[in-house]
Amino acid sequence: MSHTTTKSTVKERADLALNDEFLRKAVKFTTERLRGGKLKAAADHGNWDDWRERGRQIRLHTIAHLDYYLTTFANNARANGVHVHFADTDVEAVKISLEIAAAKQAKSVVKSKSMVTEELHLNKALASIGVEAIETDLGEYIIQLADETPSHIIIPAIHKNRYQIADLLSKDAGETLAPDTTILAGYVRKKLREKFLEADIGMTGCNFAIAESGSMVLFENEGNARMVTTVPKTQITLMGMERIIPTWSDLEVMATLLPRSATGQKLTVYMSGITGPRRDADADGPEEMHIIIVDNGRSQQLGDPEFQELLNCIRCGACLNACPVYRHIGGHAYGGTYSGPIGAVLTPALKKNVAEWDDIANASSLCGACYEACPVKIPLHDMLVSLRRRKVESGHGDKIEAAGMKGFAALMGNSKRMNAVLKLGRIGQKLVVRDGGIRLKVGPLKGWNSYRVTPSLPKASFRDGWKTLEQEIRHGLTEADPAIQARLAEALAARGKKGGKGGHHHG
Ligand code: SF4
């Protein structure tokens with residue numbers, strides 16, 4: 001089932017996902033495997049946190065001097081014989097790609113995995129001028145057959161199980177294929193081989209662009225990107241403007257962080273460094289090579305103290321695998337090209353107009369698991385809070401929520417009022433409490449109670465019970481440890497002094 005419609009709300013899409021047993025099982029199974037692999041690879045590495053910090057510093061430095069490194073990269077790439085194009089917007093990037101395809105009279109394009117081309121909806125644009133785009137990454141190929149969008153940065157078909165995949169590939173093959181990974185991969189390999197040989201253009205994304213030599217580097221596991229960059233006569237690489245790193249020795253740090261964070265691998269199976277088109281002595285490679293450097297909202301983050309670090313992302317997907325929300329709803333519920341915590345920040349941040357943001361920044365419990373998982377330590381949880389704040393400040397917040405927050409603040413700021421409301425609540429809840437909890441699915445309780453139970457108010461509040469509890473603790477601590485008892489006496493004496501001045505502590 002496809003959940004890719006962006007006209008629906010986040011809540012509607014999340015509901016669809018939560019009611020899709022297959023999706024939930026498939027996403028849970030793979031994210032757990034990836035997350036486990038990443039944790040093990042980080043532990044085996046031994047100095048993981050030092051390397052994370054090193055990675056963060058490289059990214060911070062590069063983005064702080066992005067103008068310099070982009071110019072250096074473009075100059076060096078041009079000196080290598082590459083046609084370098086800069087595209088300010090998605091429209092411009094698509095236009096440049098289509099112009100190249102038209103100039104080459106291309107009929108078909110083979111593609112290796114690229115999130116930027118997803119962001120630009122380039123396959124559809126190519127189809128509009130009669131050029132067939134064929135995804136050659138296995139997961140992307142499956143998604144293309146299903147007419148869906150990727151639901152994970154690294155594993156695009158994460159939401160599908162092998163039976164669903166076997167169905168899709170069987171239709172493609174015109175015969176029944178057994179749901180066996182080797183058989184299914186074998187079929188796709190054979191089919192794609194012909195496509196590689198026929199294609200006029202090879203199109204790739206870019207994991208890292210090395211400024212000092214004007215090279216682009218691809219990480220992959222299937223060997224398809226190497227085919228894409230060696231067989232067709234023309235190569236087009238699309239890259240976000242932030243993909244740059246200064247030197248090859250910086251790549252060593254990234255090549256340590258990226259595969260371990262993405263899949264738990266020590267090294268990616270294929271790492272290709274490409275410096276310009278084919279030279280006379282080369283055995284293979286494209287005769288013509290284009291690199292399109294895409295801005296599309298990225299430069300808006302430069303100089304923004306809250307969001308500049310967003311450009312440090314190396315698209316490893318570790319934050320998705322660590323996120324308790326993503327693990328339940330998968331990627332399509334986010335409604336954009338990028339999903340999970342990075343998508344929840346990047347999707348709105350790339351849009352200028354706050355009115356176009358949906359509620360995606362609210363799809364997070366702010367637990368910080370994304371930050372813990374991130375190999376370049378991007379504080380995504382802080383950014384989510386900033387996005388929420390900016391939305392409210394710009395007048396696009398939820399009016400009912402704002403009124404609710406005002407009421408809540410009025411209650412929490414005054415203990416007498418709070419106690420009175422709690423007392424009333426305790427009486428009132430008798431009408432609705434069943435088996436120790438509130439299960440009503442109406443009004444503001446509907447969303448929460450559809451999946452869990454709201455706990456009822458306890459008979460006595462913490463404040464009510466504190467007097468007895470305090471006595472018990474003091475008594476218990478006297479027996480346990482004289483040092484703690486002394487500190488407690490000190491603390492209580494200090495509180496007594498404050499109380500003596502007439503202050504009352506509102507808890
Ligand atoms: S934000 Fe960090 S963890 Fe998430 S994809 Fe980017 S680099 Fe990976």
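This is a tour of one structure, stop by stop, with what to select at each.

The model is predicted: local features need pLDDT of at least 70 and side-chain atom pairs count only at pLDDT 80 or more, while totals for chains, interfaces and linings use all residues. Residues are numbered from 1 along each chain as its sequence is written, and side-chain values use heavy atoms, with hydrogens and water left out.

**Stop 1: the ligand**

The ligand is surrounded by C313, I314, R315, C316, G317, C319, I342, C374, P375, V376, I378 and L380. Colour this shell by class: Ala, Val, Leu, Ile, Met, Phe, Trp, Tyr, Cys and Pro count as nonpolar, Asp, Glu, Lys and Arg as charged, and the others, Gly among them, as polar. The shell has ten nonpolar residues, one polar and one charged.

**Stop 2**

E242 lies in the loop between strand 7 (234-240) and strand 8 (244-245), and R315 in the loop between strand 10 (288-294) and helix 13 (318-322), so the pair ties together parts that are 73 residues apart in sequence. Helices (H or I, at least four residues) and strands (E, at least two) are DSSP runs, numbered from the N terminus. E242 and R315 are both buried. Buried means under 20% relative accessible area, exposed over 50%, and partly exposed in between (1.4 Å probe, protein chains only).

**Stop 3**

How many salt bridges does the structure hold? There are 23. For one of them, select K111 and E135, whose side chains meet at 2.8 Å, N to O. K111 lies in strand 2 (residues 108-111) and E135 in strand 3 (residues 132-135), so this pair ties together parts that are 24 residues apart in sequence. K111 and E135 are both buried.

Next select K113 and E140, which form a salt bridge at 3.8 Å, N to O. K113 is in the loop between strand 2 and helix 6 (115-119) and E140 is in helix 8 (residues 138-145), so the parts tied together are 27 residues apart in sequence. K113 is partly exposed, with a relative accessible area of 23%, whereas E140 is buried at 1%.

**Stop 2: strand 4 and its partners**

Select strand 4 (residues 201-204): I201 and M203 point one way, G202 and T204 the other way, and all are buried. Strands pair if DSSP finds at least two bridges between them. Strand 2 and strand 4 run parallel and are joined by three bridges; G202 is the bridge partner of V110. Strand 4 and strand 7 also run parallel, with four bridges, and T204 has T237 as its bridge partner in strand 7.

**Stop 5**

In strand 9, S272 is the bridge partner of L218.

Conventions. Near = heavy atom within 4 Å. Salt bridge = Lys/Arg side-chain N within 4 Å of Asp/Glu carboxyl O.
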